[in-house]
Each structure stands twice: as C-alpha cells, then as structure tokens.
Amino acid sequence: MDDLITAQDAAALLHMHVKRVQQLARDGKLPAVRYGRKWLFRRRDLIESRGQARRSTDLDVIAIT
C-alpha cells in the first residue's frame, strides 16, 4: 500500500506553503489525487519529483557556467 499524505504533510516535506502545493496539484505539476475536497499525495512520488527538480536545477547551473 502506498503512503498517502495530505497537502499539509506534502507542504512540510517540500518546504512549501500548503496553498502553493494545492495550486501545483490543481495545475497538474505535482502528482496528486483529489478525494472529496482534499488533495492526497503519494510520499514516494513527491520525493522522486523533488529529486528530479534538484537534478534539473543542477544541470541548469552547469549549463550556464
């Protein structure tokens, strides 16, 4: 079973404001599922997406230098 977390928990994990996390989920930029009025996130997906964002940022810095 996947570890589902709330938007509040996702915000803490990603070091973002909860409203920003919800907006990113609405825009399809964060993997999430809507259950009633709540957004639920798979912890593993967020950790993987966070790692991909860091790698792309590192590559951007290398390309600029």
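Me: On the other side of α1, which residues are exposed?

Reply: Q8 and A12 are exposed there. Exposed means over 50% relative accessible area, buried under 20%, and partly exposed in between, with a 1.4 Å probe and protein chains only. Keep in mind that this is a predicted model: local features need pLDDT of at least 70, side-chain atom pairs count only at pLDDT 80 or more, and totals for chains, interfaces and linings use all residues. Residues are numbered from 1 along each chain as its sequence is written, and side-chain values use heavy atoms, with hydrogens and water left out.

Me: Which residues of helix α1 are buried?

Reply: In α1 (residues 7–14), the buried ones are A7, A10, A11, L13 and L14. They sit on the same side of α1, because the arc they cover around the axis is only 165 degrees. That arc is taken from the directions from the helix axis to the C-beta atoms. After α1 comes H15, with a positive phi near 60 degrees.

Me: What pattern does the chain follow along the sequence?

Reply: It reads β-α-α-β-β-α, with 3 helices and 3 strands. Both are DSSP runs numbered from the N terminus: helices are H or I with at least four residues, strands are E with at least two. Of the 65 residues in the chain, 26% are buried.

Me: How should I read the packing of two helices?

Reply: Two packed helices are described by the angle between their axes and the distance between the axes. Here, α1 and helix α2 (residues 18–26) pack at about 105 degrees, with axes 8 Å apart. This makes α1 roughly perpendicular to α2. The axes are lines fitted to C-alpha atoms, for helices over the stretch in contact, and angles run from 0 to 180 degrees between N-to-C directions. Under 35 degrees counts as roughly parallel, over 145 as roughly antiparallel, 65 to 115 as roughly perpendicular, and the rest as oblique.

Me: Which residues make the contact between α1 and α2?

Reply: From α1 they are A7, Q8, A10 and A11, and from α2 they are V18, V21 and Q22. Contact means heavy atoms within 4.5 Å. By class, this contact has 5 nonpolar, 2 polar and no charged residues. Ala, Val, Leu, Ile, Met, Phe, Trp, Tyr, Cys and Pro count as nonpolar, Asp, Glu, Lys and Arg as charged, and the others, Gly among them, as polar.

Me: Which residues of α2 are buried?

Reply: V18, V21, Q22, L24 and A25 are. They line one face of α2, since they fall within an arc of 160 degrees seen down the axis. Their cover includes α1 and β3 (38–42). Just after α2, G28 has a positive phi of about 80 degrees.

Me: Let's turn to a side-chain pair. What joins the side chains of R43 and D3?

Reply: A polar contact of 2.7 Å does. Such a contact is a pair of N or O atoms within 3.5 Å; within protein, one must be able to donate a hydrogen and the other to accept it, and residues adjacent in sequence count only if both atoms are side-chain atoms. R43 lies in helix α3 (residues 43–64), while D3 is in the segment before β1 (4–6). R43 is partly exposed because its relative accessible area is 31%, and D3 counts as partly exposed at 42%. Leaving aside neighbours within four places in sequence, R43 is in contact with D3, I5 and L13, and D3 with F41, R42 and R43.
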